[in-house]
Amino acid sequence: MATAPFDLVLRNARVATASDVFDADIAVSGGRIVQLGQGLGPGRREIDAAGRVVTPGGVDAHCHLDQPMAPPVRMADDFDTGTRSAACGGTTTVIPFAAQEKGGSLRAAVADYHRRAEGRAHVDYAFHLIVSDPTPAVLQQELPALIQEGYTSFKVYMTYDDLKLDDGQILDVLAVARQHGAMAMIHAENADCIEWLSQRLEAAGRTAPRFHAHARPMLVEREATHRAIALAELVDVPVLIVHVSGREAVEQIRWARAHGLNVLAETCPQYLFLTADDLGHDDSYQGARCICSPPPRDRANQDVIWGGLHDGLFSVFSSDHAPFCFDGAEGKHPGGEEAPFRHIPNGIPGLETRMPLLYSEGVLGGRITLQRFVELTATHPARAYGLHPRKGAIAIGSDADLVVWQEGERVIRNADLHHAVDYTPYEGHVLRAWPALTLASGEVVWDGTQFHPRPGRGRFLPCGTPSLLPRRSTLP
Ligand code: URP
Ligand code: ZN
Ligand code: ZN
């Protein structure tokens, strides 16, 4: 009896998962992986991967898209351009943030964010929440109800005036995470230290972009990371420290792990490929492009971050894509002017370059294994935020989100990228690999030269219970 052909067969793949690398064909029907094996039956469409590495589509678990900002500042990427850029860089799931305004409702922020995303995304998306005003109504009603509905992770900030919580408020939010099995993410920098340093720098006329790094030295991140860990220990709940920049925060996290605490950690490309020198010299404004928080450190700290990617300290590798144009009045020149460092919007673009940079310098540079690459860019983020095994896996029943990798030199040029930002901090960087094909739920969304748009292809994903705890055994 003849069997019906598959929708698609990806043949001769060198399949890489978080645990194994093996040769197989991948059969797809109804947008999901339905068979893995050698010599699979025919597909209505067939693509020969010709022995190339095929990984799960990336899960970028920390990016900012169309997040409301105080005018005149505005994010350059919305769900259309942001997910377009993600797909062309091998990322097939994004998790940006529905941010509560102080004095506003969290539920209203989520409703507004759905309106921004609806019908625009080219790849699937879920939402984290940002809790900036943990009122009794938020803690007792809105947050528990939203967790039940699939918003199972939230970020709290220890810095930024419009977002920061004090320690008591953070404890309250962590207690909700514990009670309802949600994942708390913490931006760990000490707000008062930053304010104190910024005022002194400003009073001394030191306002150029490079002084951003002087206002946020590693000790402000170290202190806040230690405090975040202590607050989580008090509540007895896992936490994930986001965008870890260097040695001092890493030491705190290693200490926590050594003491049996469930502290997860995320890092980002900017802490591997940029340094504080990229914030510029003297009074040059060019470095505003690379202002992000925590700031990039130095080469020795880059090595520490590589060490944590290699040995399992970090579970998640995200872009922290925060898309602000350099020119114009809405981004790095707020109101059209060169601004003192403390008024320059924080964040850099990186959705499209996240996976190729780590594949090139991590895997092909011999610093991490292919399996670890998959774990960091797809499997662990999917687990941490309750999307696994639908996402982050090449397994029967998983969504057919796949990336075929092409090795070979390619220079990063902003003109070739697909975001709406007018620069990339990685201009001129030579990559050793790039996605030759990205499939999202079995559809070709990027073929190595052309983007295949279908706004609305991307669906909202309610998240389940986070299912990732640190691997204590492998750590000192
Ligand atoms: O500088 C950064 N990281 N901007 C984005 C917002 C955040 O804190 O993640
Ligand atoms: Zn942050
Ligand atoms: Zn961020």
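Predicted model: local features only at pLDDT ≥ 70, side-chain atom pairs only at ≥ 80, totals over all residues.
View 1. Residues are numbered from 1 along each chain as its sequence is written, and side-chain values use heavy atoms, without hydrogens and water. A pocket is an open set of points on a 1 Å grid where a 1.4 Å probe fits, with protein on both sides within 12 Å along at least five of seven lines; lining residues have an atom within 4 Å of a point. Here 50 residues form the lining, and M69, Y160, D161, D162 and L163 lie nearest the centre. They divide into 25 nonpolar, 15 polar (Gly counts here) and 10 charged (Asp, Glu, Lys and Arg).

**View 2. The second largest pocket.** Its volume, the space filled by probe spheres set on the grid points, is about 210 Å³. Among the lining residues, look for F273, R299, W306 and E361. Helix α10 (a DSSP run of H or I, at least four residues) gives the most to this lining, with four residues.

View 3. Eight of the 10 residues of α1 (residues 79-88) are buried (under 20% relative accessible area, 1.4 Å probe), so the helix is largely enclosed by the rest of the structure. The buried residues include F79, T81 and C88. At the N-terminal end, D78 caps α1, with a side-chain oxygen 2.9 Å from the backbone nitrogen of D80. Just after α1, G90 takes a positive phi of about 90 degrees.

Definitions and conventions: Chains lettered and ligands numbered in written order. Helix = DSSP H or I, 4+ residues; strand = E, 2+ residues; numbered from the N terminus. Buried < 20%, exposed > 50% of the residue type's maximum accessible area, 1.4 Å probe, protein only. Polar contact = N/O pair within 3.5 Å; in protein donor to acceptor, adjacent residues only side chain to side chain.
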